[in-house]
Amino acid sequence: MNILRLAAAILLCLAFARAQNAKPEASLTSNPVYEKNCAKCHGKTAEGRFMAGPALLSGKATTMSADDLRNIITNGKHHMPKFGEKLSSAEIDGLVDQIQASSKQK
Ligand code: HEC
């Protein structure tokens, strides 16, 4: 019985360590693509800037589907410029994943 408990505890620790490692090493705000293209409007912390871009890690962006996010980043909207020609689709997918990953943490 004790050995089983010990084994279970070790497994839990391993699972926990893996979950920590599995975290995308780059969060949205540390992604160079974000820093270079988005931070000037959405802010270094992605919490939005007065009279510029809205928050991306809280508020409306967190309720949008991956398709909607991809669409806005690719095609722009109002004062949001389009990035479809500037960024690769892999880079855009990365941003979408990171916006959604950070909003799920909350
Ligand atoms: C020139 C300023 C500017 C830049 C640069 C910019 N955005 Fe935006 N973004 C905006 C504005 C303004 C809006 C609000 C659009 C609207 O009127 O609905 C917006 C909206 C968004 C939305 C929808 C969220 C919402 O609440 O409506 C997402 C997602 C987004 N931007 C992501 C990005 C990403 C990712 C980048 C970098 C690749 C980026 N933006 C670069 C200004 C900018």
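A disulfide is taken here as a pair of cysteine sulfur atoms within 2.5 Å. By this criterion, a search of the whole structure, which is a predicted model, returns zero disulfides. Cys38 has a relative accessibility of 12% and is classed as buried, because the cut-off for burial lies at under 20%. Cys41, by contrast, reaches 30% relative accessibility and therefore counts as partly exposed, a class that lies between the 20% and 50% limits.

The secondary structure of the chain consists of five helices and zero strands, so that the order of elements from the N terminus reads α-α-α-α-α. Of the 106 residues in the chain, 28% are buried. The chain exposes about 7,700 Å², of which 61% is supplied by carbon and sulfur atoms. Among contacts between residues at least 6 apart in sequence, 40% join residues at least 24 apart.

The mean pLDDT of the chain is 83, and 72% of the residues score at least 70. Helix H4 (residues 66–75) carries the highest confidence, with a mean of 97, whereas helix H1 (residues 2–22) carries the lowest, with a mean of 55. Over residues 20–24, pLDDT stays under 50, and the model has one contact beyond four places in sequence for this segment. Where pLDDT is low, the predicted coordinates should not be read in detail.

Definitions and conventions:
Residues numbered from 1 in each chain as written. Predicted model: local features only at pLDDT ≥ 70, side-chain atom pairs only at ≥ 80, totals over all residues. Heavy atoms only, no water. Helix = DSSP H or I, 4+ residues; strand = E, 2+ residues; numbered from the N terminus. Buried < 20%, exposed > 50% of the residue type's maximum accessible area, 1.4 Å probe, protein only. Contact = heavy atoms within 4.5 Å. Areas by Shrake-Rupley, 256 points an atom, 1.4 Å probe, with all protein chains shown as cover. pLDDT = per-residue confidence, 0-100.
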